[in-house]
Every structure is written in C-alpha cells, then in structure tokens.
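Here is a guided walk through a protein and the ligands that go with it.

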Amino acid sequence: MTVEAFAPAKINLTLHVTGQREDGYHLLDSLVVFADIGDRLRLDPAEDISLSVTGPRAEGVPVDGRNLVLKAAALFGPGQGARIRLDKRLPAAAGIGGGSSDAAAALRGLAALWGRDLPGAGAVLSLGADVPVCLAPGPVRMRGVGEEILPAPALPEFGILLVNPGVEVPTPAVFRGLARKTNAPMPDLPGWGSASGLADWLAGQRNDLEPPARDEAPVIGEVLAAIAATPGCLLARMSGSGATCFGIYADRAAAERAAVLLHETRPDWWAEAGAPYSL
Ligand SMILES: C[C@@](CO)(OP(=O)(O)O)[C@H](O)COP(=O)(O)OP(=O)(O)OC[C@H]1O[C@@H](n2ccc(N)nc2=O)[C@H](O)[C@@H]1O
Ligand SMILES: Nc1ncnc2c1ncn2[C@@H]1O[C@H](COP(=O)(O)OP(=O)(O)O)[C@@H](O)[C@H]1O
C-alpha cells in the first residue's frame with residue numbers, strides 16, 4: 001500500500017506579533033491559509049525508515065536526521081519502517097512553512113500507513129511552532145506561539161501568487177530584529193464576501209515581521225513591488241518571516257497570468273499561482 005500526502009504552502013495573510021514568552025518564543029495572531037502549491041510525499045511499507053528527497057527544490061534540503069520528515073517519523077517511536085520519498089517543490093527557509101508542512105504531511109501519512117494515532121499535541125509542537133497549523137490545512141486563526149488554532153470565517157474564492165527571490169531568510173534573525181515585541185492583535189474577523197473585500201480588510205492588517213525581514217533581505221521590497229504591479233493584483237504582502245511574498249487576485253486565472261508575467265520579467269525568481277487549499 002502506497003500512501004500519498006500533500007504538503008501545501010502555508011501563507012500568513014496577516015502576522016501580528018503580540019508579545020514574547022519568557023523562553024523567547026513570540027506570541028502571534030495570524031490569519032493562516034494554505035495554497036494548492038506544495039511538496040508531495042509518498043510512503044511505502046519497509047523494514048526501516050528511509051528518506052529520499054528529489055524535485056526542483058531538493059538542493060540543500062537535508063536528507064539526514066535534520067530533515068523534519070525524519071524528526072516527525074521519530075515521534076512514533078521505534079518498531080515500524082517506511083520508505084519515504086519527498087518531492088520538494090517549495091523553497092526552504094522561505095516563510096511558507098515548507099519543512100513544517102512536510103513534517104505534518106509525514107505525520108498524517110505515517111499514521112495512515114501504520115494504522116496509528118497521531119502523536120500528542122506537545123510532541124507535534126516540538127517539531128516547530130508552525131507544525132500544528134499544518135496538520136489540518138485550511139483557513140484558521142493561529143495564536144499563542146502557533147499551538148492555538150481557532151476557526152476562521154469561510155473565505156471567498158480568490159487566486160494566490162507566491163513569489164520567492166531565492167534568498168533564504170532565517171526565522172530567528174527576523175524575530176530578533178523586531179523593534180517592538182508587543183503589538184496590537186487582529187480585531188474580530190468579520191467574514192468577507194469577495195476577494196476584493198478580503199484584500200481591502202487585509203490592507204488594514206499587518207505582517208509585523210516584514211520590516212526586520214526587509215532589513216535582512218532588501219530584495220523583499222522589489223518582490224512586493226513586482227507583485228503589486230501585475231494586472232489584477234488586489235494586495236501584495238510578505239508571508240511568515242519571508243522572503244516569500246504573496247499576491248491576492250480575483251481568481252486562479254488572474255494569478256496564473258501574473259505568474260506568467262513574472263516568469264518573463266524575473267526568470268531567476270520562483271513564482272507559482274494557485275488557489276486556497278483545505279484538507
Ligand atoms: C514565523 C512563522 C509564522 O507562521 O512562519 P515561517 O516564517 O517559519 O514560515 C512561524 O511562527 C515559525 O514557525 P517555525 O519555523 O516552525 O518555528 P520554530 O522552528 O519553532 O522556531 C524557529 C525560531 O523562530 C523563532 N520563533 C518561532 C515561532 C514563534 N512563535 N516565536 C519565535 O520566536 C524562535 O527564535 C525559534 O527559535
Ligand atoms: N523537509 C524539509 N524541507 C525544507 N527544509 C527543511 C526540511 N527539513 C528540515 N529543513 C530545514 O529547515 C529549515 C527551514 O525550512 P522551512 O520549514 O522551509 O522554513 P520556513 O518555515 O521559514 O518556510 C531549512 O533551512 C532546512 O535546513
């Protein structure tokens with residue numbers, strides 16, 4: 001039996017940093033969605049655990065115990081094996097939770113392959129602050145350090161463009177660069193009737209990590225300007241700790257047209273179009 005698991009890109013439509021815990025981790029308030037753009041895992045029964053990484057973004061991704069997929073497998077304890085193949089399509093260290101989504105997909109896939117329950121919430125969080133939200137991909141409000149997952153209103157149809165300039169931005173450095181650790185949370189989420197209504201509301205919200213990320217990687221400003229200049233773009237913002245930025249469009253077709261344009265003007269950047277994804 002082969003089990004397939006999709007690891008979609010995570011997008012922080014908003015990312016408000018509202019405080020800092022004593023252990024240094026930051027408190028967040030974030031509207032999170034997922035895109036139907038992502039990595040793919042194939043899991044087959046085997047004697048031992050093994051991992052191979054292929055695909056257009058495989059270069060530089062660790063294949064040893066540092067890989068979050070193997071860390072996820074280790075949470076089940078010894079005794080069962082699997083041959084895991086990861087088709088890596090998302091850029092790493094990019095603010096779209098590629099490694100976290102791979103870890104969550106591995107947890108789902110291995111639980112299905114082995115007929116086991118998922119590890120407990122504390123163990124899942126130990127893999128990374130973004131792993132809990134990636135376990136059940138869909139639109140949610142994420143709080144705490146990432147462990148508090150609250151329902152979000154239904155989203156309207158919209159198209160998403162993801163653009164990464166090929167610069168890895170380390171998350172700890174971006175958090176360290178925050179000028180203020182305590183900022184206002186999001187207001188109550190209102191519900192949105194259209195893509196433009198959603199984009200207008202998002203324009204009044206923030207990604208507090210954008211200024212320190214731009215200090216680390218000034219090219220983020222160019223990426224935001226390039227997305228904003230594409231026809232039909234309703235909003236351009238950075239996701240997570242960067243450097244990936246996203247554009248919101250009325251529908252997938254408009255986002256795809258923008259991706260074609262960016263492939264022509266910036267062939268050195270990664271640009272993919274899609275739509276919201278829920279498991
Ligand atoms: C910033 C966010 C927003 O969704 O996304 P990415 O930029 O990673 O995609 C996440 O909180 C990242 O989650 P994740 O990448 O899993 O974080 P972890 O591995 O647990 O932590 C990496 C480092 O980020 C910092 N960190 C992370 C999460 C958090 N709530 N506060 C923090 O201060 C800490 O310095 C930590 O050592
Ligand atoms: N499966 C994986 N895919 C990508 N990176 C991984 C993976 N496992 C471990 N890593 C390591 O985790 C780091 C952060 O990757 P990622 O989760 O993609 O970052 P971000 O959450 O900022 O997008 C990378 O620099 C890489 O060395």
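First, some ground rules. This is a predicted model, in which local features need pLDDT of at least 70, side-chain atom pairs count only at pLDDT 80 or more, and totals for chains, interfaces and linings use all residues. Residues are numbered from 1 along each chain as its sequence is written, chains are lettered from A and ligands numbered from 1 in the order in which they are written, and side-chain values use heavy atoms, with hydrogens and water left out.

Let's begin with ligand 1. It is surrounded by 22 residues, where a residue counts as near if one of its heavy atoms lies within 4 Å of the molecule. The closest are Lys-10, His-26, Ala-129, Asp-130 and Ser-241. By class, this shell holds 10 nonpolar, 10 polar and two charged residues; here Ala, Val, Leu, Ile, Met, Phe, Trp, Tyr, Cys and Pro count as nonpolar, Asp, Glu, Lys and Arg as charged, and the others, Gly among them, as polar.

Which polar contacts can you pick out around ligand 1? The term stands for a pair of N or O atoms within 3.5 Å; within protein, one must be able to donate a hydrogen and the other to accept it, and residues adjacent in sequence count only if both atoms are side-chain atoms. A polar side-chain atom of His-26 lies 2.7 Å from an oxygen atom of ligand 1, and one of Asn-12 lies 3.1 Å from an oxygen atom of the ligand. Gly-95 uses its backbone instead, with an N or O atom 3.3 Å from an oxygen atom of ligand 1. Taken alone, ligand 1 exposes 690 Å², and the protein buries 83% of that (accessible areas by the Shrake-Rupley method with a 1.4 Å probe; for residues, only the protein chains shown count as cover).

Where does the shell of ligand 1 come from in the fold? The elements giving two or more residues are β1 (3-12), β3 (26-46) and α5 (171-176), and α5 provides the largest share, three residues. Helices (H or I, at least four residues) and strands (E, at least two) are DSSP runs, numbered from the N terminus. Domain 1 (3-144) and domain 2 (153-274) each give at least three residues to this shell, with bounds from an automatic or database domain assignment.

Now move to ligand 2, which has 18 residues around it, the closest being Leu-68, Lys-88, Gly-95, Gly-99 and Asp-102. Polar backbone atoms lie by its oxygen atoms: Gly-97 at 3.0 Å, Ala-94 at 3.1 Å and Ile-96 at 3.3 Å. Helix α2 (residues 98-114) gives the largest share of the shell, four residues. The shell has eight nonpolar, seven polar and three charged residues.

Finally, look at the backbone. Ala-93, in the loop between β5 (81-87) and α2, has a phi near 50°, a positive value in a residue other than glycine. A cis peptide bond joins Gly-242 and Ala-243, with omega about 5°, and Ala-243 is in the loop between β9 (235-238) and β10 (245-249).
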